[in-house]
Amino acid sequence: MYPRVAYVTYQGDLPDNDLPVALEAMRDARLDAQAVIWDDETVDWGDFDLVVVRSTWDYVPRRPEFLRWARRVEDTTLLANPARCLAKNTDKTYLRVFAQKGVPTIPTVWFEPGDSSADCADTLVDLGWQRLVVKPNVDGAGRNAVLVESPQQAAAQASEWATQGLTAMVQPYLSVVERSAELSVVVLGGEISHAVSRKAPLTNSGDSSAVEALDVPAEVRELVPQIMRAGRDGEDLLYARIDLVPHGQDWLLMELEATEPRLFLNSAPGAPARFAAAVRAALRG
């Protein structure tokens, strides 16, 4: 009997292009793999040797429920990525910790419930930021990111999210994303698997779903271990996607996606097999 693996997805309309190739690769690797909906109450998670969180794309408005589910699963069987990782990674304030650890990130002003909108606007004026991006700390695929044209607009948007109990991230809009696609590096089993370029969603120059496979630049290969160390915090991650944007001669981290990122397994030869190998390695512990 082959080890049983749940590929966890959601009940929604957005297609998960990784799902069919991942299932095929795992079955080729002699794993009994099947797609399972995360909030299907009829599922006995103890029936699986490993539960792999993948396209749970409806978790954002239900984050507390999602995290309770993850903890219940982890109490029953092996969960990847671990519940503690999911809790941290679904709150983008982790980027503040990354910056403190020396990871090059996009400069950010954080606006928390109780902060002053006027003080925030003054800070942004002093920084000289004119076009700005405002994001809530709990979001998926940048769906709620807002591009604004003044510090006052940014502070007002941040204040609105704070009234909902959210922490807002205010960042300068980097015009380089209009000229250069962001780089997404996929890490499987702790090793770089492949990378793709993606058009940034806040520009008019393309669709963030349009991807192109490319080689990982040498300077990014040197940066990835530092980012992974900051993200692992002692935990083993089966998968992660590191999203970077060029800035002068450097690369800045936009996000470390370790919950439900698209892994673009179709974009690189051997990527599905590497995903299956990472799953097998996780089963061995």
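Eight of the nine residues of strand S12 (residues 239-247) are buried, so the strand is largely enclosed by the rest of the structure. Buried here means under 20% relative accessible area. The model is a predicted one.

Start with the partners of S12. Strand S9 (residues 182-188) runs antiparallel to S12, and six bridges join the two. S12 and S13 form a hairpin with two residues between the strands. Gly248 takes a positive phi in this hairpin, near 65 degrees.

Now turn to the open sheet. Four strands build it, in the order S2-S1-S3-S4, with parallel pairing. Strand S2 (32-37) and S4 stand at the edges. Each has a single partner strand, so one side of each is left without a neighbour in the sheet. On average, neighbouring strands of this sheet are turned by 25 degrees against each other, direction ignored. Strand S1 (residues 4-9) and S2 run parallel and are joined by six bridges. Within this pairing, Val5 stands opposite Ala33 in S2.

Which helices lie across S1, S3 and S4? Helix H2 (residues 63-76) is one of them, running at about 160 degrees to strand S3 (50-53). H9 also lies across S1, S3 and S4, and runs at about 135 degrees to S3.

H9 leads on to a pocket. The second largest pocket has a volume of about 350 Å³. Strand S4 (78-80), helix H8 (218-232) and helix H9 (271-284) each give two or more residues to its lining. The lining holds 16 residues, of which Asp236, Leu237, Leu238, Ala281 and Ala282 lie nearest the centre of the pocket. By class, this lining divides into 10 nonpolar, three polar and three charged residues.

What about enclosed space? Rolling a probe the size of a water molecule over the atoms shows where empty space is left. A search of the whole structure finds one cavity of 30 Å³ or more. The largest cavity has a volume of about 50 Å³. Residues lining the largest cavity include Tyr59, Asn89, Thr90, Lys92, Asp139 and Gly140. Ala141, Glu257, Thr259 and Glu260 also line the largest cavity. How does this lining divide by class? Two residues are nonpolar, four are polar and four are charged.

Terms used. Residues are numbered from 1 along each chain as its sequence is written. This is a predicted model: local features need pLDDT of at least 70, side-chain atom pairs count only at pLDDT 80 or more; totals for chains, interfaces and linings use all residues. Side-chain values use heavy atoms; hydrogens and water are left out. On a 1 Å grid over the protein atoms alone, a cavity is a set of points where a 1.4 Å probe fits but cannot get out, and a pocket is an open set with protein on both sides within 12 Å along at least five of seven lines; lining residues have an atom within 4 Å of a point. Grid points are joined across faces, edges and corners, and a volume is the space filled by probe spheres set on the points. Ala, Val, Leu, Ile, Met, Phe, Trp, Tyr, Cys and Pro count as nonpolar, Asp, Glu, Lys and Arg as charged, and the others, Gly among them, as polar. Buried means under 20% relative accessible area, exposed over 50%, partly exposed in between (1.4 Å probe, protein chains only). Two strands pair if DSSP finds at least two bridges between them. Axes are lines fitted to C-alpha atoms, for helices over the stretch in contact, and angles run from 0 to 180 degrees between N-to-C directions. Contact means heavy atoms within 4.5 Å.
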